[in-house]
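Me: I am new to this structure. Please walk me through it in short questions and answers.

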Amino acid sequence: MMSPELTAVPFSAVPFSARVQRRAIGAGMRLFFAWSHLVYRLSPPWGGKLRAVDHLTVPCSDLQVAERFYVGLLGARVMMRVDAEFLARMGRPADEIARGVHLSIVFAGGPRLDLFESSIGQPPRAASHPHCALGVAPGKLLAWKKRLNDAGVPTYGPTRLGPPGHASLYFNDPFGNRLELVTLGFTAEIPVGAPDVSALEYTWSGA
């Protein structure tokens, strides 16, 4: 499976001052995000605030394939398996049990993802939203691109939609759910623009 390649200036051709600027912008943006969270926590009213995003749901028609992709390829950790027997013990009505079967996974940070057994709910094929973005270190983005491409998953990017140093890599899971790897402080020169999501369709062998 080929991945669309975007023209990029080699790292060695990017001026040192530009690389330093992009790293500085990335560090500044991360500091700004952390400051924004802190300001929200410390601002009145101090009671009754929502704490954080607890979990997001992702529809997957085959949980075994989903586990091979999200755990085997993306490196997530299985936190909990919620099967029909478990749901029955929890008192869920029989006609609701099939809709509740899911796999809860976690990454190093952020909310957990609950992969629900469902053949519907994926975004339209031509839509950029909704999608789930996962953070990655700037020096690891191209390694993740190679890892995905080697596994037969086409990607679009890296491309920039934010300030200098921002980089995003887009791809789909085997069920058509849109995913993104995003970083700040990426020093290579890359194109600017939104992804062509039509280039992300594929049939995954599960390798």
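Me: Which strands does helix α2 lie across, and at about what angle does α2 run to β4?
Reply: This is a predicted model, where local features need pLDDT of at least 70, side-chain atom pairs count only at pLDDT 80 or more, and totals for chains, interfaces and linings use all residues. Residues are numbered from 1 along each chain as its sequence is written, and side-chain values use heavy atoms, with hydrogens and water left out. Helix α2 covers residues 63-73 and lies across β1, β2, β3 and β4 (112-117). Angles run from 0 to 180 degrees between N-to-C directions, with axes fitted to C-alpha atoms, for helices over the stretch in contact (heavy atoms within 4.5 Å); α2 runs to β4 at about 155°.

Me: In what order do the strands of the open sheet with β1 and β2 stand?
Reply: Helices (H or I, at least four residues) and strands (E, at least two) are DSSP runs, numbered from the N terminus. Two strands pair if DSSP finds at least two bridges between them. The edge strands are β1 (55-60) and β2 (77-82), each pairing on one side only. Pairing is mixed, and the order of the four strands is β1-β4-β3-β2.

Me: Which residue of β3 stands opposite R81?
Reply: Strand β3 spans residues 102-106. Five bridges join β2 to β3, and the two run antiparallel. Opposite R81 stands L103.

Me: Is strand β7 largely enclosed or open, and why?
Reply: Buried means under 20% relative accessible area, exposed over 50%, and partly exposed in between, with a 1.4 Å probe and protein chains only. On one side of β7, A167, L169 and F171 are buried; on the other, S168, Y170 and N172 are buried. Because six of the six residues of β7 (167-172) are buried, the strand is largely enclosed by the rest of the structure.

Me: Which residue in the hairpin of β7 and β8 takes a positive phi?
Reply: The hairpin has five residues between the strands. A positive phi near 95° is found there, at G176.

Me: How far apart in space are E189 and F16?
Reply: E189 is found in the segment after β8 (178-183). It counts as partly exposed because its relative accessibility is 33%. E189 and F16 are 173 residues apart in sequence, yet C-alpha to C-alpha the distance is 12 Å.

Me: What share of the protein's residues counts as buried?
Reply: The protein has five helices and eight strands. Its C-alpha trace spans about 65 × 50 × 25 Å along the principal axes. Of its 207 residues, the buried share is 37%.
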